[in-house]
Amino acid sequence: MNLITPYDTETTGLPLFRDPSDDPRQPHLVDICILAFSADGTLVDSFEAMVRPDGWVIPAEVTAIHGITNDMAMDLGIPESEALDGFMAIHDRAGLRVAHNTSFDDRIMRIALSRYRGKEAADAFKTTPGYCTCQSSKNLVQCPPTAKMIAAGFGRQFKVPTVTEALRHFTGEELIGGHRAGPDTEACARVYWAMNPPAQTD
């Protein structure tokens, strides 16, 4: 099946983009969600899980962003390898992978794949076409440049929208529970379908 699969991850930190994916200092998954849609926009499958720390901790500065504490993840989470398996069981049927900032989320998944399945699996992940709702919506949402962008000489460019800003632009709705994988994935899906209306069936 060539499913359309929006997804999102929450992590223990930012990827070390200049270092190999199998570097032990790379971040771990904390929260993950993937939705699977047919071409007509019908939701046909989903997976969501919190990850239980195993020899690593969720830093307080990251908890402040997504709200997942170490104790919460220990109580409610599943092993990282099992979360990866649940994600890949859906992703393996994907024809298009969608995320709101693919450069971040795709790298996070390649790190997880490198950690548990090896470099070949991580490289194979790249073969599925990707769609970034963040970059694709930038010129439509038209968020004004930040002060930092202006100072750097990019004052004539639009800021890339957050998934909250993109959802508000396309639907007029506010994102509830943002910075958690489930709500962010649902918002990403709605932004994607707003820009790519489902195929009509008779």
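Predicted model: local features only at pLDDT ≥ 70, side-chain atom pairs only at ≥ 80, totals over all residues.
Glu80 is buried, with a relative accessible area of 4%. Under 20% relative accessible area counts as buried and over 50% as exposed, with partly exposed in between.

What does Glu80 pair with? It forms a salt bridge with Arg115, and the closest N and O atoms are 3.8 Å apart. Arg115 lies in helix α4, residues 102-116, and Glu80 in helix α3, residues 80-91, so this pair ties together parts that are 35 residues apart in sequence. Arg115 itself is partly exposed, at a relative accessible area of 26%, while Glu80 is buried.

As background, side chains of opposite charge can pair when their charged atoms come close. How many salt bridges does the structure hold? There are 11. I will go through two others.

One of them joins Asp106 and Arg97, where the closest N and O atoms are 3.0 Å apart. Are these two partners buried or exposed? Asp106 counts as buried at 11% relative accessibility. Arg97 is also buried, with a relative accessible area of 3%.

Another is between Lys119 and Asp123, with the closest N and O atoms 2.6 Å apart. Both residues belong to helix α5, residues 119-125, and they are 4 residues apart, about one turn of the helix. Lys119 is exposed, with a relative accessible area of 61%, and Asp123 is partly exposed, at 32%. Elsewhere, salt bridges with shared partners join Asp19, Asp23 and Arg25 into one network.

Next, the strands. Please find β2, residues 29-37: 9 of its 9 residues are buried, so the strand is largely enclosed by the rest of the structure. Which strands does β2 pair with? Strand β1, residues 3-11, is joined to β2 by 6 bridges, and the two run antiparallel. Strand β3, residues 43-50, is joined to β2 by 7 bridges, again antiparallel.

Asp8 stands opposite Cys33 in β2. Ile32 stands opposite Ala49 in β3. The strands β2 and β3 form a hairpin with 5 residues between them, and in the turn Gly41 has a positive phi of about 90°.

Now to the pockets. Rolling a probe the size of a water molecule over the atoms shows where empty space is left. The largest pocket contains about 670 Å³ of space. Which residues lie nearest its centre? They are Asp8, His100, Asn101, Phe104 and His179, out of a lining of 26 residues. The elements that give two or more residues to this lining are β1, α1 (60-66), α4, α6 (133-141), α8 (163-171) and α9 (181-195). Strand β1 gives the largest share, 5 residues. That is the strand joined to β2 by 6 bridges. By type, the lining of the largest pocket divides into 11 nonpolar, 11 polar and 4 charged residues.

The second largest pocket has a volume of about 180 Å³. Its lining includes Asp19, Pro20, Arg107, Arg110, Lys119 and Asp123. Helices α4 and α5 are the elements that give two or more residues to the lining of this second pocket. How does that lining divide by type? It has 2 nonpolar, 3 polar and 7 charged residues.

Last, two points on the backbone. Most residues other than glycine have a negative phi, and most peptide bonds are trans. Asn101 has a positive phi of about 110°, although it is not a glycine. Where is Asn101 found? It is in the loop between β4 (94-99) and α4. At 31% relative accessibility, Asn101 counts as partly exposed, and it is among the residues nearest the centre of the largest pocket.

The other is Gln142, which is not a glycine either and has a positive phi of about 60°. Its place is in the loop between α6 and α7 (147-151). Gln142 is partly exposed, with a relative accessible area of 44%.

Terms used: Residues numbered from 1 in each chain as written. Heavy atoms only, no water. Salt bridge = Lys/Arg side-chain N within 4 Å of Asp/Glu carboxyl O. Buried < 20%, exposed > 50% of the residue type's maximum accessible area, 1.4 Å probe, protein only. Pairing = 2+ DSSP bridges. 1 Å grid on protein atoms, 1.4 Å probe; cavity = no way out; pocket = protein on both sides within 12 Å on 5 of 7 lines; lining within 4 Å. Points joined across faces, edges and corners; volume = space filled by probe spheres on them. Nonpolar A, V, L, I, M, F, W, Y, C, P; charged D, E, K, R; others polar.
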